[in-house]
Amino acid sequence: SLLATMHNIIRERTISMLAISRLQDAFDKDAEYMRFKAMAGVFIQNRSILESMQLSSAERLLLEQSKLIVMSMAPNQDQIVESLVYGEDVNMQRFMEHDLPVKTELLAILNEIANAARTARDESLRQIHTEYKHTYWSIILLGVAAIMIFIMIVRFVITRISTAEHALSSEKEQLEVTLKSIGDAVITVDENSIVTYLNPVAEHMTACSNEQAKGRPLSEIYQTVREDTGEPIQHPAWASQLDAQVVGMQRFSVLKTHNGSEYIIEDNTSPIFSKQNRLIGKVVVFRDMTHARTIERQLSWQVRHDPLTGLANRLEFETHLQEFVDNATRYDNEHILLYLDLDEFKTVNDISGHSAGDALLQRIATEMETCVRRSDVIARLGGDEFGVLLNSCDIRQGRDIAENIRRKVNAFKFDWRGASHRVGVSIGMVSINVMSGTTVDVLQAADVACYNAKALGKNRIWSYDAYVGEVIPVYIKHQ
């Protein structure tokens, strides 16, 4: 139990460090930091209890080795976590690449201590059986004359066997308690993939009790599908043989339960072999990653989108632009880039304030989204500038869409606390084709065209012609 707790603390501290590196809220980060520090105290307390036990020299040597590793590793961990808590930049990737092998070594030492304990137990049992055989043959040779000695020896043997059975029963009970206390879900099956045990976490996540699950095929209790496609996954635990000691699934899969609940999980499957190296069962260990996955999706969305308008941000826009340029170059396709700059936007900020300006940008973004197709990309590039990528679009279609956007923005009336505002938009248009050059060239050309549209009257559309290297007017402002 002590070793299992220390094993879990090592894993949980790593998870806690990753959580601290991702949390944004200072209070959440501080709470996680306190939990991280508390786990160190529990680890030291468990190790102290182990040191007070009657350990063999080999076990004590292994425990000392683990202590040295912790002493060398803990200060660096604490320093990293404190840096994360105070918002300092930390290269978590490099730290984890250095830290994980050390933790793996520490976990291996803990496993060796457990193996040493099991070896001592097995040796004790073998000694008991040997003594029993010797006693049995001694009684046969002594016969009736040694009946009293025989009775005494039998009583002695029975007592030893009862003690051993009690010890084995206690160990089994302790193992069950350990499985119940593990934070991960655990399912064990026999060699035919028939369920033999579910710990409480597995009962909760599968919506099936241990008694209900026993004797049923694993495929009825544990059903997973791919997160991206929803296709059922043929789980390795269903197979009659396993080719590896530990088989891990893809990083994220979805566990579907009979009550309709779904969990995003990570899991792995390990075989259970007898002493004769025969497969006698398998154990499936999985954990709920739903919250972590949700946070990851949110962070991914925030990295790629503008927080004010919800449109793609400049980084995401440039990524799509590179794809469009590569597609045009490779397959001789044509696309259109529109570079938009709002006219009179500064007046709105000056008269009604920046809150009004932000609200106007949100409304304008919604209006412009109605003018493009589902395959197109619209982004806020910064301030009052927007970019639109028209997928598989020629110059004529691009002009029509650009004019539609210009008309929509020009006709939009924005009211804010008694004040009424109108804005226009100057648009620079450039074709993305085999002649366009790099993404930098395309953006620069669109920017030049937009600048001309704004400098020569505003609320206009100008196009950059790559063949002649000039900007030309597309539509003249309509009164």
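Let me begin with terms: two strands pair if DSSP finds at least two bridges between them. Helices (H or I, at least four residues) and strands (E, at least two) are DSSP runs, numbered from the N terminus. This is a predicted model, in which local features need pLDDT of at least 70, side-chain atom pairs count only at pLDDT 80 or more, and totals for chains, interfaces and linings use all residues. Residues are numbered from 1 along each chain as its sequence is written, and side-chain values use heavy atoms, with hydrogens and water left out.

The strand in question is β13, residues 424-432. On one side, β13 pairs with strand β14 (residues 461-465) in the parallel sense, over 4 bridges. Within this pairing, W462 in β14 stands opposite G428. To reach β14 from β13, the chain passes through helix α14 (residues 439-455), and this β-α-β crossover is left-handed. For reference, a right-handed crossover is one in which, with the strands pointing away from the viewer, the path from the first strand over the helix to the second runs clockwise.

β13 also pairs with strand β8 (residues 335-343), here in the antiparallel sense over 9 bridges. H335 stands opposite I432 in β13.

How enclosed is β13? Of its 9 residues, 9 are buried (under 20% relative accessible area, with exposed over 50% and partly exposed in between; 1.4 Å probe, protein chains only), so β13 is largely enclosed by the rest of the structure. Both faces are covered: G424, S426, G428, V430 and I432 are buried on one side, and V425, I427, M429 and S431 on the other.
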